[in-house]
Amino acid sequence: MVVTGAVAVLAGPGVEHADDVALDDGSETVTTLDASGCVVTPGLVNAHHHLLQSAFRTLPGTRGVPMAEWLPAMAAAYNAAGIDAELAHAAASVGIAESLLSGVTTVADHHLNWPMGAPIDATVAIARATADASRALGGRLVFVRGSARDDPDWAGASADAIASALVPHGGVTPDGLLQVAVGPAGVHSDGEATFAALAEVARTHGLRRRTQANEQVDVAIALERYGRRPIDLLDEWGWLAPDVTIAHLVDVTPDETRRIAESGATGTHAPGCDVPMGWGIARVHELLAAGIQLGLGTSGGGSNDAGHLLADARLAMQVSGLVGPQLPARTALDMATRGSAIGLGRPELSHLGTGSAGDLCVWDVSGVADAGVADPVAGLLWAAPGRRPRDVVVAGRPVVRHGALVHADERTIAGDLSRLLARRAAAG
Ligand SMILES: [Zn+2]
């Protein structure tokens with residue numbers, strides 16, 4: 001495929017031009033995508049989502065409440081609906097369709113909630129249903145076998161079975177469309193045994209590790225339970241390492257920032273969750289200045305309600321000035337692409353140069369919302385909040401054309417989830 005005529009092409013950090021972009025789509029014939037009046041960027045990489053929560057947005061009792069009330073309100077909703085493969089498929093279809101339609105070509109789904117103590121096969125079915133939803137729409141998925149107060153042995157056995165079933169030849173499928181990783185929710189929910197069990201699975205299968213740390217609740221619980229701060233515990237438990245990515249990092253001290261940087265661990269900024277939850281604003285400037293590779297994530301619908309990563313890149317810029325220098329648009333875009341991909345061990349997902357995986361977005365900037373914009377790349381973030389790309393390409397193949405999914409109908413996917421939730425509410 002060749003993409004022609006763009007106003008600007010952001011091929012990677014500091015690489016901008018208006019030349020054609022050639023992508024290998026595995027085909028002998030060359031298809032042309034006319035990008036006149038458009039800006040072309042790499043596909044966005046959402047480094048932190050909880051796709052299941054797409055079924056539980058704006059839930060009563062989860063807005064403007066402390067985390068100690070949020071968690072049981074969400075848990076009650078999960079129990080009432082019943083977490084199984086059917087719900088996981090419907091919620092993931094919604095979350096991934098929303099992602100593709102907003103320019104996110106790769107979603108890292110930190111799946112934390114499981115039917116506690118269910119047969120291992122049932123957990124594999126949930127992971128497979130999520131992966132099937134992504135594949136049917138043409139997206140890339142990183143399924144993170146998470147844990148939130150799971151029994152350590154059961155979580156380890158489930159993660160091992162999921163990796164064996166979905167990525168038997170290493171952490172990523174040969175076509176690059178599916179990756180598996182592991183990740184406890186954080187030291188506030190899981191103990192050392194769970195971190196150790198999931199680390200063992202990661203070692204065996206060659207998987208990346210992910211967790212969350214240092215929203216205020218995480219710090220408070222760690223202090224109360226262990227008399228230590230989360231970064232101390234992660235360090236002690238072997239989870240400050242180059243293969244680990246830590247989401248949130250809101251309340252970190254300068255010393256902790258230095259230790260994270262020295263360890264080679266990466267981070268994920270998630271202001272679309274941190275701000276509405278009242279956790280504060282991560283000091284992105286200081287984290288980046290210390291040398292920590294930072295990606296961007298939306299977190300899930302239970303806190304963010306939207307899975308629109310570009311909108312959260314805009315939010316990241318807007319709130320950055322409250323805790324330091326304002327984040328430039330190109331830095332925010334770099335986090336939403338390269339930074340996220342590095343944390344996944346997949347730099348090829350985030351650029352359009354040699355060795356690129358072939359994921360890109362074509363953003364139409366010819367309308368009134370972009371008129372008068374002096375810098376079309378900065379305008380992508382500052383102008384037209386909530387914009388959707390005109391076309392999205394994954395692995396050289398279109399998955400969104402003229403603002404619509406290529407492989408499914410957006411409204412059918414939304415209707416399927418609504419009907420499933422209504423049926424289960426009626427049965428409950
Ligand atoms: Zn999260």
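Two residues are in contact if their C-beta atoms, placed from the backbone, lie within 7 Å. The views below come from a predicted model, in which local features need pLDDT of at least 70, side-chain atom pairs count only at pLDDT 80 or more, and totals for chains, interfaces and linings use all residues. Residues are numbered from 1 along each chain as its sequence is written.

**View 1. Alanine 8 and its contacts.** Alanine 8 touches Glu16, Ala18, Val39, Pro376 and Val377, leaving aside residues up to four places away in sequence. Alanine 8 is found in strand S2 (residues 8–12). Strands here are DSSP runs of E with at least two residues; helices are DSSP runs of H or I with at least four residues; both are numbered from the N terminus. Is alanine 8 buried or exposed? Alanine 8 is buried, because 20 other C-beta atoms lie within 10 Å. The cut-offs are these: buried means 20 or more other C-beta atoms within 10 Å of the residue's own, exposed means 12 or fewer, and partly exposed is in between, with C-beta atoms placed from the backbone. The C-alpha atoms of alanine 8 and alanine 181 are separated by 35 Å. Along the chain, alanine 8 and alanine 181 are 173 residues apart.

**View 2. An open sheet of seven strands.** The strand order is S3-S2-S6-S15-S16-S17-S18, and the pairing is mixed. At the edges are strand S3 (15–17) and strand S18 (404–405), each pairing on one side only. Two strands pair if DSSP finds at least two bridges between them. Strands of a sheet pair through backbone hydrogen bonds, either parallel or antiparallel.

**View 3. Strand S6 between its partners.** S2 and S6 run parallel and are joined by two bridges. Alanine 8 stands opposite valine 39 in S6. Strand S6 (residues 38–42) also pairs with strand S15 (residues 360–364), in the antiparallel sense over five bridges. Which residue of S15 stands opposite valine 39? Tryptophan 363 does. Proline 42 stands opposite leucine 360 in S15. Five of the five residues of S6 are buried, so S6 is largely enclosed by the rest of the structure.

View 4. The axes of helix H2 (residues 85–101) and H3 come within 8 Å and cross at roughly 35°. Axes are lines fitted to C-alpha atoms, for helices over the stretch in contact, and angles run from 0 to 180 degrees between N-to-C directions. H2 passes H3 in a right-handed crossing. A crossing is right-handed if the near helix is turned clockwise from the far one by less than a right angle, and left-handed if anticlockwise. Contact residues include Ala85, Ala88 and His89 of H2 and Ala125, Ile126 and Ala129 of H3. Helix H3 (residues 120–137) also packs against helix H4 (residues 152–166), at an angle of about 45° with axes 9 Å apart. That angle makes H3 oblique to H4. Angles under 35 degrees count as roughly parallel, over 145 as roughly antiparallel, 65 to 115 as roughly perpendicular and the rest as oblique. The crossing of H3 and H4 is right-handed. Among the residues in contact are Ile120, Thr123 and Val124 of H3 and Ala157, Ser158 and Ala161 of H4.

**View 5. Helices H11 and H12.** Helix H11 (residues 309–320) and helix H12 (residues 329–343) pack with their axes 9 Å apart, at an angle of about 135°. H11 and H12 are therefore oblique to each other. The crossing of H11 past H12 is right-handed. Leu309, Ala313, Ala316 and Met317 in H11 meet Ala329, Ala332, Leu333 and Ala336 in H12.

**View 6. Helix H14.** Helix H14 (residues 410–427) has 18 residues. From its first C-alpha to its last, H14 reaches 26 Å, close to the 26 Å expected at 1.5 Å a residue. The expected span is 1.5 Å times one less than the number of residues. Of the 18 residues of H14, one is buried, so H14 lies largely in the open.

**View 7. Two loop residues with positive phi.** Threonine 58 lies in the loop between strand S7 (44–49) and helix H1 (67–81). Phi of threonine 58 is near 50°, a positive value in a residue other than glycine. Threonine 58 is exposed, with 9 other C-beta atoms within 10 Å. Alanine 384 sits in the loop between helix H13 (376–382) and strand S16 (391–394). Alanine 384 has a positive phi of about 50°, although it is not a glycine. Alanine 384 counts as partly exposed, because it has 19 C-beta neighbours inside 10 Å.
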